[in-house]
Amino acid sequence: MVIHKKEVTVLEAMGVLTSPTPEEKVILEEAIKILGVRNFLLNIEAYNFSEPTKEKLVDLRNIVEEFIPYLPHNDLKKGGGELG
């Protein structure tokens, strides 16, 4: 579960933290590419993930929601984003 790189993308981190199946990893990659991380996290329930993966993603969403108000230059109206 340790990543030995200096730079890690959000998608790589999500993969390490949630341990998705290969099929779930494809769903993660495609959904984040289309929606961005924030919109994906807001719509986790719309995707066909196993219960353990879904629970971990919801936990990640809860963590992100706690930190959003404290991020610099936060604009909640912006969505989407890159994979990195």
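Four residues of helix 2 are buried: E24, L28, A31 and I32. They share one side of helix 2, because they cover an arc of only 95° around the axis. The model is a predicted one. On the other side of helix 2, the exposed residues are P22, E23, K33 and I34.

What lies over the buried residues of helix 2? The cover includes helix 1 (10-18), helix 3 (37-42) and helix 4 (51-67).

Now the geometry of helix 2 itself. It runs over residues 22-35, 14 residues in total. From first C-alpha to last, helix 2 reaches 20 Å. That is close to the 20 Å expected at 1.5 Å a residue. After helix 2 comes G36. The phi of G36 is positive, near 90°.

Next, the aromatic rings. A pair of aromatic rings is described by the distance of the centres and the angle of the planes. The structure holds three aromatic pairs. One of them joins F40 and Y47, with centres 5.5 Å apart and 50° between the planes. That pair is tilted. Y47 also pairs with F49: the centres are 6.1 Å apart and the planes stand at 45°, so this pair is tilted.

Y47 has 22% relative accessibility, so Y47 counts as partly exposed. The cut-off behind this is that buried means under 20%.

Technical notes
Residues are numbered from 1 along each chain as its sequence is written. This is a predicted model: local features need pLDDT of at least 70, side-chain atom pairs count only at pLDDT 80 or more; totals for chains, interfaces and linings use all residues. Side-chain values use heavy atoms; hydrogens and water are left out. Rings of Phe, Tyr and Trp (its six-membered ring) pair if their centres lie within 6.5 Å; planes under 30 degrees apart count as stacked, over 60 as edge-to-face and the rest as tilted. Buried means under 20% relative accessible area, exposed over 50%, partly exposed in between (1.4 Å probe, protein chains only). Helices (H or I, at least four residues) and strands (E, at least two) are DSSP runs, numbered from the N terminus. The expected span of a helix is 1.5 Å times one less than its number of residues. The arc is that of the directions from the helix axis to the C-beta atoms. Contact means heavy atoms within 4.5 Å.
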